[in-house]
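Welcome, and thank you for opening your viewer. Please load the model below and keep the selection tool at hand.

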Amino acid sequence: MIEWNEQGEVRNARWRSESGAPAPRRVVLADDTMSADSAYRLACAGTALLWRGDFQNARQLLQALMRRTDRKPEKAAAKAAKKMAAATPAEQFHLHRQAQSQRARTLAALVIPVEGDYSIDLRRAPDWRAACQEAWGPATGEASVVALRELLGLVGAHEWRKKGVEIPALGAGPDNRIHPHYGVFSPVRGEYIDLVAQAPLPSKELAFDIGTGTGVLAAVLAHRGVRRIVATEQAPRALACAQDNLQRLGLQGRVELLEADLFPPGRAPLVVCNPPWLPARPSSSIEQAVYDEGSRMLQGFLTGLREHLEPGGEGWLVLSDLAEHLGLRTREQLLEWITAAGLRVLGREDVRPHHAKAQDAADALHAARAAEVTSLWRLVAA
């Protein structure tokens, strides 16, 4: 719960945080009279600003906080740049994540009250009840407080879900879209999808899709003519998302969804997995598609693959080598894990990423991103 004093009374409401951040210990009321500089000082000190003014002014204040967060004093910026330049790639990665985390904490200080029916009782507040219900489930009548930045992300996810993401590998026309749900990684990086869409299929009878997420790779395999796919997922939001997408695409009869950590029972001539590519701790549910602490999923897939392959079958590991360029994992280590699992590499298909960050020279990790390659490793029993 989050508590604050208002009009001489102690009030409280449920605290919502997708990242699991604890409720702020100190809360002050804020409205249109608070200056951006004052708000920034309080936010940097860890004080939450419970907004009681005009909603649109809160959005403007958040933008002002972003500008102040990103505009470091000249001396501090020079010191940070010098420290970054002297660091190893792995150290640069951790410094970058620390800076991102600090930025997120500062911007999360501006918080908004949400009523028990998910309405927002502020002047000029939009009606975002449908978006809140999609993300949080049916309203319970319990009032809550949430960071404005998180609320805006929730609404952005709602719009993505309505519009969908076009997947050329699913063909042309209106039925080639995947609709990501809140908290489920959107398939906007098309290079890994293209690899699965183009690699030679060892069989069209059966495939396992491990960690299906939105269901996009299962849908691509079905579009390529694989007659039956068993797709696994353990995150409830992702399971619901995949189910929704498969129904939209009319594939629920060909793709079986199963709640499981990694593999379903049995064997298949094709087992596909696109695990998170960076061995680090995720800070929210959506980051679990990017960060895999200790390479748990990657190693689990490799260790269990052989016993789930039919004779002559292939395991497709779709993986970015960004971790290698950041010094978080070596190619030698990956090959050792493959060999130790009783597997060998039959072939490998590579593609360069074409997302915006790979071209952004101002990005703190630009050197690693510019060198990144995503590969589809075709693995067979040794």
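**Before you select anything**

The model is predicted, so to speak: local features need pLDDT of at least 70, side-chain atom pairs count only at pLDDT 80 or more, and totals for chains, interfaces and linings use all residues. Residues are numbered from 1 along each chain as its sequence is written, and side-chain values use heavy atoms, with hydrogens and water left out.

**Stop 1: aromatic pairs**

Rings of Phe, Tyr and Trp (its six-membered ring) pair if their centres lie within 6.5 Å; planes under 30 degrees apart are stacked, over 60 edge-to-face, and the rest tilted. The count here is five aromatic pairs. Select Phe 93 and Tyr 291, a tilted pair with 6.4 Å between centres and 50° between planes. Phe 93 sits in helix H4 (residues 89–107), while Tyr 291 is in the loop between strand S12 (268–273) and helix H10 (296–305), 198 residues apart. Helices (H or I, at least four residues) and strands (E, at least two) are DSSP runs, numbered from the N terminus.

Phe 93 is buried, at 1% relative accessibility, and Tyr 291 is buried at 12%.

Next, pick Phe 263 and Phe 301, a stacked pair at 5.9 Å centre to centre with 15° between the planes. Phe 263 is in the loop between strand S11 (255–259) and S12 and Phe 301 is in H10, so the pair ties together parts 38 residues apart in sequence. Both Phe 263 and Phe 301 are buried.

**Stop 2: charges over rings**

A charge sits over a ring if NZ of Lys or CZ of Arg is within 6 Å of the ring centre and within 35 degrees of the ring normal. Then show Arg 16, over the face of Trp 136 at 4.1 Å from the ring centre.

**Stop 3: a pocket**

On a 1 Å grid over the protein atoms alone, a pocket is an open set of points with protein on both sides within 12 Å along at least five of seven lines; a cavity is a set where a 1.4 Å probe fits but cannot get out, and lining residues have an atom within 4 Å of a point. Grid points are joined across faces, edges and corners, and a volume is the space filled by probe spheres set on the points.

The second largest pocket has a volume of about 900 Å³. To centre your view, select Glu 233, Pro 276, Gln 288, Ala 289 and Met 297, the closest to its centre of the 41 lining residues.

**Stop 4: the cavities**

There are two cavities of 30 Å³ or more. The largest cavity holds about 40 Å³ of space, and its lining includes Ala 131, Leu 154, His 158 and Tyr 182. Helix H6 (148–163) gives the most to this lining, with four residues. For the second largest cavity, of about 30 Å³, select residues including Leu 319, Arg 331 and Trp 377.

**Last stop: helix H3**

Helix H3 (residues 74–86) is hardly covered, with one buried residue among its 13.

Technical notes:
Buried means under 20% relative accessible area, exposed over 50%, partly exposed in between (1.4 Å probe, protein chains only). The expected span of a helix is 1.5 Å times one less than its number of residues.
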